[in-house]
Amino acid sequence: MNTYVILLRAIGPITHKVMSMTQWRDAVAAAGFPDPATYLATGNMIATGPGTIETVTDHMNRVVRDLGLAESNVAVVRRPAELRAVLDANPFPEAAADRPSQMQVFFFADRQPDFSWTADHGGPELFAVVDGHLVVDYSGRISESSRLGNLIEKRCGPGTGRNWNTLKGLVERATAREEKDT
């Protein structure tokens, strides 16, 4: 059995009317992943189960469809070690310490998205690629970057972003789950 972190794209108040976090946990447990745990109410889950990232991704996408969410609500699955690697790399330590809610990590369905466009981006944001994930320091101006998320998805494909605080919380909980299960 492996521990997985499942991140759902486009989860919020509108989707909660279709699928609650409780419904999602119950459906994931019924799909053979015992004792799944959600973190916050924004589509973050830690689950233990058999299979590879690819098979778990397929299972999670089926669960989400069966619960009534749209094709655009994709599941992005990572192992805890992958999240720890991003956290440990921390390309923007000052931003992570001073304004972690204004620093995001983007996780993509495609394991090898094209990041070449970031070199030519003229915005105030700073970018770093860590093991196939895009880390963005909004330079304290996240509210002025409202279109950046759309640009990132247009250039890199479907994915989902989590702020640095959420990443830290997921790493802590996923690591504890792994230690408990060993």
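Helices (H or I, at least four residues) and strands (E, at least two) are DSSP runs, numbered from the N terminus, and G159, for instance, lies in strand β8. This is a predicted model, in which local features need pLDDT of at least 70 and side-chain atom pairs count only at pLDDT 80 or more, while totals for chains, interfaces and linings use all residues. Residues are numbered from 1 along each chain as its sequence is written, and side-chain values use heavy atoms, with hydrogens and water left out.

**Salt bridges**

- Side chains of opposite charge can pair when their charged atoms come close.
- The structure holds six salt bridges, a salt bridge being a side-chain nitrogen of Lys or Arg within 4 Å of a carboxyl oxygen of Asp or Glu.
- One of them joins the side chains of K180 and D35, with 3.6 Å from N to O; this pair links distant parts of the chain, since K180 belongs to helix α7 (residues 164–181) and D35 to the loop between α2 (21–30) and β2 (37–38), 145 residues apart.
- K180 is exposed, with a relative accessible area of 56%, where buried means under 20% relative accessible area, exposed over 50%, and partly exposed in between (1.4 Å probe, protein chains only).
- R84 forms a salt bridge with E178, and the closest N and O atoms are 3.1 Å apart; R84 lies in helix α4 (residues 80–89) and E178 in helix α7, so the pair ties together parts that are 94 residues apart in sequence.
- Within that pair, R84 is partly exposed at a relative accessible area of 25%, whereas E178 is buried at 18%.
- D137 and R99 also meet through their side chains in a salt bridge, at 2.5 Å from N to O; D137 lies in strand β7 (residues 133–137) and R99 in the loop between α5 (93–98) and β5 (103–108), so this pair ties together parts that are 38 residues apart in sequence.
- D137 counts as buried at 4% relative accessibility, while R99 is partly exposed with a relative accessible area of 25%.

**Nonpolar cores**

- In soluble globular proteins, nonpolar side chains tend to be buried together.
- A nonpolar core is a set of buried Ala, Val, Leu, Ile, Met, Phe, Trp, Tyr and Cys residues joined through side-chain atoms within 4.5 Å, and of the 23 residues in the largest one, V135, W164 and L167 touch the most other members.
- At least two residues of this core are supplied by each of β1 (2–8), α4, α5, β5, β6 (126–130) and α7, and the largest share, five residues, comes from α7.
- W164, leaving aside its neighbours within four places in sequence, is in contact (heavy atoms within 4.5 Å) with V86, L87, N90, A96, P100, M103, V105 and V135.
- A second, separate core of 17 residues includes L8, V28, V56 and V64.

**Largest pocket**

- A pocket is defined on a 1 Å grid over the protein atoms alone as an open set of points where a 1.4 Å probe fits, with protein on both sides within 12 Å along at least five of seven lines, and lining residues have an atom within 4 Å of a point.
- About 460 Å³ of space lies in the largest pocket, where grid points are joined across faces, edges and corners and the volume is the space filled by probe spheres set on the points.
- Of the 22 residues that line this pocket, Q104, F106, T160, G161 and R162 are the closest to its centre.
- β5, α6 (148–156) and β8 (159–163) each supply at least two residues of the lining, with the largest share, five residues, coming from β8.

**Individual residues**

- G159 counts as buried at 8% relative accessibility, and, leaving aside neighbours within four places in sequence, G159 is in contact with R9, V76, F107, F108, A109 and E153.
- The C-alpha atoms of G159 and R78 are separated by 12 Å, although these residues are 81 apart along the chain.
- E82, found in helix α4, counts as buried at 18% relative accessibility and touches I53 and R111, not counting residues up to four places away in sequence.
- D35 has a phi near 55°, a positive value in a residue other than glycine.
- D131, in the loop between β6 and β7, has a positive phi of about 50° although it is not a glycine, and D131 counts as exposed at 57% relative accessibility.
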